[in-house]
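Subject: Structure handover

Hi,

Here is the structure for you to look at.

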Amino acid sequence: MASDVPMTPELQQMDGEIQDIFRALQNGFQKMDKIKDSNRQAKQLEDLTGKMKECKRLIKEFDRILKVEESKNPPEVNKQLNDRKQYMIKELNSYVTLRKTYQSSLGNNKRVELFDMGGTSSEPAADDNIQMASAMTNQQLIDSGRNQMDQTDEAIARSKMVVAQTVEVGSQTATTLTQQTEQMKRIGNELDSVHFSLKKASQLVKEIGRQVATDKCIMGLLALIVFGVIAIIVVKIVNPHNKNIPDIPGMAPPAQNFQTNRRLLSAKAFRGL
């Protein structure tokens, strides 16, 4: 597949190396059909496995550089480069499938290389420590199995620890939520009490206002009465002979003039003689 995608010189070099490996893999698998000896087939398959590992490494490096330069390229160029990467991955996976087919036909119980997808369904990940089972002794196989079991036990222990920590965090969270719920209830009760107190205070203010208004009316009436009495007294003193103004109960009639008083006193004295 010829590439007309715009690439940097570094990506072009990697793309060329990957294409060279694909051609070598194609030729190598074509030779597999011509090899009759199983040992030679196993050796040829092992060489092809090494080429696939190198191809996988180059594709990962291609993807890394692509992500670094993604912000510098326009969207259409990034799409073309991603399509190119997907083509490489699919091509490599096809050779991986072909390799597994030849391994099954050989029937030598060779260990199959595992390609992890690395979080996606199309990108192969690393497994750099691949060893053919036919090249391992029984003790090595036993040791390898024990190592795998130990790693599995460690993974299970770590999982149990994570679960225990999760349960503990969940319990603490539940306790905190319970405390916060009780605190919210107390706050609600306090708010109800404050609302009731404000309502009572409002009623008291209204009652005090009504009492103040009543007291002002009474004070006003008393002031009018006092002013009226004072006015009558003043008028009575100024004009005592005004018959239109009645005498105020409890007050003595106005005194007579001085001359009249002297005559009365003189007459009483003369009669006494």
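**Overall**

Please keep in mind that this is a predicted model. The protein has five helices and zero strands. Along the sequence the pattern reads α-α-α-α-α. There are 273 residues, and 21% of them are buried. Now take the contacts with a separation of 6 or more: 60% of these join residues 24 or more positions apart.

**H1 and H2**

Helix H1 spans residues 9–32. Helix H2 spans residues 38–68. The axes of H1 and H2 are 10 Å apart, at an angle of about 160°. Angles over 145 degrees count as roughly antiparallel, so H1 and H2 are roughly antiparallel to each other. Their crossing is left-handed. By residue type, the contact of H1 with H2 holds 17 nonpolar, three polar and six charged residues.

**H2 and H3**

Helix H3 covers residues 75–106. H2 packs on H3 at an angle of about 160°, and the two axes lie 10 Å apart. That angle makes H2 roughly antiparallel to H3. H2 and H3 also cross in a left-handed sense.

- From H2, the contact includes Leu45, Met52, Cys55, Ile59, Phe62, Asp63 and Leu66.
- From H3, the contact includes Leu81, Lys85, Met88, Ile89, Leu92, Val96 and Leu106.

The residues of the H2 and H3 contact split into 15 nonpolar, five polar and four charged.

**H1 and H3**

What is the angle between H1 and H3? It is about 25°, with the axes 11 Å apart. Angles under 35 degrees count as roughly parallel, so H1 and H3 are roughly parallel to each other. This crossing, of H1 and H3, is left-handed.

The residues on each side are:

- H1 contributes Asp15, Ile18, Gln19, Phe22, Leu25, Gln26, Phe29 and Met32.
- H3 contributes Arg84, Tyr87, Met88, Glu91, Leu92, Tyr95, Leu98, Arg99 and Tyr102.

The contact of H1 with H3 divides into eleven nonpolar, two polar and four charged residues.

Met88, Leu92, Tyr95, Arg99 and Tyr102 are among the H3 residues in contact with H2. Met88, Leu92, Tyr95, Arg99 and Tyr102 are also among the H3 residues in contact with H1.

**Lys85**

One residue deserves a separate look. Lys85 sits in helix H3. Is Lys85 buried or exposed? Its relative accessibility is 10%. Buried means under 20%, so Lys85 counts as buried. Which residues does Lys85 contact, leaving aside its neighbours within four places in sequence? They are Phe62 and Asp63. Phe62 and Asp63 are both on the H2 side of the contact between H2 and H3.

**Residues 218–238**

The unreviewed UniProt entry annotates residues 218–238 as a "transmembrane region". In the model, residues 218–238 are 100% helix and 0% strand.

Best regards

Technical notes. Residues numbered from 1 in each chain as written. Predicted model: local features only at pLDDT ≥ 70, side-chain atom pairs only at ≥ 80, totals over all residues. Heavy atoms only, no water. Axes fitted to C-alpha atoms, helices over the stretch in contact; angles between N-to-C directions. Helix = DSSP H or I, 4+ residues; strand = E, 2+ residues; numbered from the N terminus. Parallel < 35°, antiparallel > 145°, perpendicular 65-115°, else oblique. Left-handed = near helix turned anticlockwise from the far one by under 90°. Contact = heavy atoms within 4.5 Å. Nonpolar A, V, L, I, M, F, W, Y, C, P; charged D, E, K, R; others polar. UniProt positions renumbered as here; feature names shortened; annotations may be inferred. Buried < 20%, exposed > 50% of the residue type's maximum accessible area, 1.4 Å probe, protein only.
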